[in-house]
Amino acid sequence: MSINVLVVDDSAVMRAMIIKTLKLAGTPLGEVHQAANGQEGLDVLENHWVDVVFADINMPVMDGEEMIDRIRANPALRDLPIVVVSTEGSKTRIQSFHEKDAEFVHKPFTPEIIRDILEQKLGISHAQQA
Amino acid sequence: MHNKPEDVLAAVGEEVFEDLAFVLVMPDDGSVEHDDCADSPDWVARIHFQGPFAGTLFLRVSEDLAPMIAENMLGLEDGETPTSEQISDAFKELLNVICGNLLPRLVGDEPVFAVNGLDILQEPSIPDAFEGRPPVATAAFSLEIGRAELALFTEQGCLASMNQLEATTGASS
């Protein structure tokens with residue numbers, strides 16, 4: 001089984017890093033979609049089946065928090081797994097992401113952290129690594 | 001344990017250079033000076049933050065280091081070279097991550113900060129003073145290729161705020 005992912009970050013380099021990390025973690029990737037802000041992310045979700053979203057918070061046009069709120073308010077998307085990937089260091093703000101049923105990964109991250117989040121929190125299994 | 005801001009800045013800078021940009025920081029032999037090659041076309045960026053106190057963090061990297069940072073972050077293969085846009089993007093993201101990791105190490109994980117104004121500057125070096133004040137902390141790095149430096153400027157009186165927040169939250173331990 002492969003999973004379709006959406007990576008939302010205003011940094012193209014960070015999007016590439018997340019996708020590369022998913023591959024290094026052995027994630028069975030299907031379609032990989034990218035968006036540079038929350039609005040673009042919502043546009044992708046309107047037109048494509050996505051299994052998990054990786055989202056930054058500080059972005060122009062629409063930030064990640066508003067995007068998450070809109071996803072959770074949409075009956076068709078409200079259960080979509082979301083992983084916030086951010087530099088945020090405030091316990092209060094990280095807790096607020098958890099309250100929106102989103103996982104949190106702090107930058108910088110490792111393939112092991114991404115793999116554990118997907119497996120333990122989201123139930124997505126990975127290929128065995130050599 | 002109470003750590004000086006410059007020690008925290010150096011530690012966070014080293015960690016992020018190694019963990020995000022995959023660039024090895026060499027042991028400091030005291031040879032890296034802030035004014036080294038002041039006329040070379042280095043890359044300089046700054047990011048502003050606001051919260052319990054406001055400030056600006058500057059990052060400068062030598063011209064030869066900037067493409068390597070982008071190559072490593074993108075995982076480019078041998079023979080592939082990053083575009084100038086990718087180099088700028090990687091450089092800004094590096095500073096963004098350093099800033100995001102620095103603030104909770106200075107004042108703990110209770111305060112909420114907002115970051116903005118992440119810009120690459122056309123200036124060849126980090127200014128000696130920003131908004132009339134000298135940096136509260138600087139750190140210089142010798143890396144496997146090139147060199148880098150960080151400088152943290154904050155609003156007046158912030159050191160007292162930092163110490164108070166640190167004492168409350170146990171940061172820097």
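Let me open with a loop residue. B:Glu131 is exposed, with 12 other C-beta atoms within 10 Å. A count of 12 or fewer is what makes a residue exposed here. B:Glu131 sits in the loop between strand 3 (114-121) and strand 4 (137-142) of chain B. Its phi is near 55 degrees, a positive value in a residue other than glycine. Keep in mind throughout that this is a predicted model.

Chain A has a counterpart to show you. A:Val61 is not a glycine, and yet its phi is positive, about 70 degrees. It lies in the loop between strand 3 and helix 3 of chain A. Buried or exposed? A:Val61 is exposed, with 12 other C-beta atoms within 10 Å.

Now chain B as a whole. Chain B holds 4 helices and 5 strands. Along the sequence the pattern reads α-β-β-α-α-β-β-β-α. Chain B has 173 residues, and 45% of them count as buried. Take the contacts in chain B between residues at least 6 apart in sequence: 72% of these join residues at least 24 apart.

Next, helix 2 of chain B, residues 65-74. Of its 10 residues, 8 are buried, so the rest of the structure largely encloses this helix. Which residues of helix 2 of chain B are buried? They are B:Leu65, B:Ala66, B:Pro67, B:Met68, B:Ile69, B:Ala70, B:Glu71 and B:Met73. What do they pack against? Within chain B, the partners are strand 1 (43-50), strand 2 (55-61), helix 3 and strand 5 (147-154). From chain A, helix 1 (12-24) joins in. Just after helix 2 of chain B comes B:Gly75, with a positive phi of about 70 degrees.

On to the core. The largest nonpolar core has 78 residues. Those touching the most other members are B:Leu57, B:Leu59, B:Ile69, B:Phe91, B:Leu94 and B:Ile98. Which element gives the largest share of this core? Helix 3 of chain B, residues 84-107, with 12 residues. As a general point, nonpolar side chains tend to be buried together in soluble globular proteins.

Look at B:Phe91 in particular. Set aside its neighbours within four places in sequence. Then B:Phe91 is in contact with B:Trp43, B:Ala45, B:Val61, B:Ala66, B:Ile69 and B:Ile120.

Now where the chains meet. Chain B puts 23 residues into the contact, and chain A puts in 17. On the chain B side, helix 1 (5-19), helix 2 and helix 3 each supply at least two residues. Helix 3 of chain B gives the most to that side, with 10 residues. By class, the chain B side has 13 nonpolar, 5 polar and 5 charged residues.

That brings us to chain A and its sheet. It is an open sheet of 5 strands, in the order 2-1-3-4-5, with parallel pairing. Which strands stand at the edges? Strand 2 (29-35) and strand 5 (102-106) of chain A do, each with a single partner strand, so one side of each has no neighbour in the sheet. On average, neighbouring strands of this sheet are turned by 20 degrees against each other, direction ignored. Strand 1 of chain A, residues 3-8, pairs with strand 2 of chain A in the parallel sense, over 5 bridges. There, A:Leu6 stands opposite A:His33 of strand 2.

Helices lie across this sheet. Helix 2 of chain A, residues 38-47, lies across strand 1, strand 2 and strand 3 (52-55) of chain A. Helix 2 runs at about 160 degrees to strand 1 of chain A. Helix 5 of chain A, residues 111-121, lies across strand 4 (82-86) and strand 5 of chain A. The angle between helix 5 and strand 5 of chain A is about 165 degrees.

One helix pair in chain A. The axes of helix 2 and helix 3 (residues 64-73) of chain A come within 8 Å and cross at roughly 30 degrees. That makes the two helices of chain A roughly parallel, because angles under 35 degrees count that way. Helix 2 of chain A contributes A:Gly38, A:Gly41 and A:Leu42 to the contact. Helix 3 of chain A contributes A:Gly64, A:Glu66, A:Met67 and A:Arg70. By class, this contact has 2 nonpolar, 3 polar and 2 charged residues.

Last item, a peptide bond. A:Lys107 and A:Pro108 are joined by a cis peptide bond, with omega about -5 degrees. A:Pro108 lies in the loop between strand 5 and helix 5 of chain A.

Terms used:
Residues are numbered from 1 along each chain as its sequence is written. Chains are lettered from A and ligands numbered from 1 in the order in which they are written. This is a predicted model: local features need pLDDT of at least 70, side-chain atom pairs count only at pLDDT 80 or more; totals for chains, interfaces and linings use all residues. A nonpolar core is a set of buried Ala, Val, Leu, Ile, Met, Phe, Trp, Tyr and Cys residues joined through C-beta atoms within 7 Å. A residue is buried if 20 or more other C-beta atoms lie within 10 Å of its own, exposed if 12 or fewer, and partly exposed in between; C-beta atoms are placed from the backbone. Two residues are in contact if their C-beta atoms, placed from the backbone, lie within 7 Å. Ala, Val, Leu, Ile, Met, Phe, Trp, Tyr, Cys and Pro count as nonpolar, Asp, Glu, Lys and Arg as charged, and the others, Gly among them, as polar. Two strands pair if DSSP finds at least two bridges between them. Axes are lines fitted to C-alpha atoms, for helices over the stretch in contact, and angles run from 0 to 180 degrees between N-to-C directions. Angles under 35 degrees count as roughly parallel, over 145 as roughly antiparallel, 65 to 115 as roughly perpendicular and the rest as oblique.
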